[in-house]
Amino acid sequence: MEEKRKQIKYYLEIIDEIEKIRTRNNVNWMNILRLAFTHAPEESKKLMKKIDHEDSRVSELVKKLSK
């Protein structure tokens with residue numbers, strides 16, 4: 001049982017690190033988005049539409065995995 005707790009703690013520590021990195025990177029991503037819409041709004045809209053479409057596809061695959 002102690003080994004299982006250590007393993008869970010290890011996984012949770014890694015997840016916490018990933019969360020910290022993603023938080024910082026999300027700020028960077030949003031700054032790029034602001035820059036894109038400031039300098040090329042029409043092209044940025046088209047790109048965001050493509051990103052949204054692909055994100056939707058990923059979400060559908062995740063739903064299949066979580067059934």
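Reply: Start with Ser44, which lies in helix α2. Helices here are DSSP runs of H or I with at least four residues, strands are runs of E with at least two, and both are numbered from the N terminus. The model is predicted: local features need pLDDT of at least 70, side-chain atom pairs count only at pLDDT 80 or more, and totals for chains, interfaces and linings use all residues. Residues are numbered from 1 along each chain as its sequence is written, and side-chain values use heavy atoms, with hydrogens and water left out.

Is Ser44 buried or exposed? Ser44 counts as buried, because its relative accessibility is 6%. Buried means under 20% relative accessible area, exposed means over 50%, and partly exposed is in between (1.4 Å probe, protein chains only). In the protein, buried residues make up 3% of the 67 residues.

What does Ser44 touch? Leave aside its neighbours within four places in sequence, and Ser44 is in contact with Ala36 and Phe37. Contact means heavy atoms within 4.5 Å.

Now widen the view to the two helices. Helix α1 covers residues 2-39 and helix α2 covers residues 41-65. They pack at an angle of about 135°, and their axes are 6 Å apart. That makes α1 oblique to α2. Angles under 35 degrees count as roughly parallel, over 145 as roughly antiparallel, 65 to 115 as roughly perpendicular, and the rest as oblique. The axes are lines fitted to C-alpha atoms, for helices over the stretch in contact, and angles run from 0 to 180 degrees between N-to-C directions.

Which residues make this contact? From α1 come Trp29, Leu33, Ala36, Phe37, Thr38 and His39. From α2 come Pro41, Ser44, Lys45, Met48 and Ile51. By class, the contact has 7 nonpolar, 3 polar and 1 charged residues. Here Ala, Val, Leu, Ile, Met, Phe, Trp, Tyr, Cys and Pro count as nonpolar, Asp, Glu, Lys and Arg as charged, and the others, Gly among them, as polar.

Met30 lies in helix α1. Met30 counts as partly exposed, because its relative accessibility is 37%. Met30 and Glu43 are 13 residues apart along the chain, and their C-alpha atoms are separated by 16 Å.

Last, the whole protein. Its secondary structure comes to 2 helices and 0 strands. The C-alpha atoms fill a box of roughly 55 × 30 × 5 Å, taken along the principal axes.
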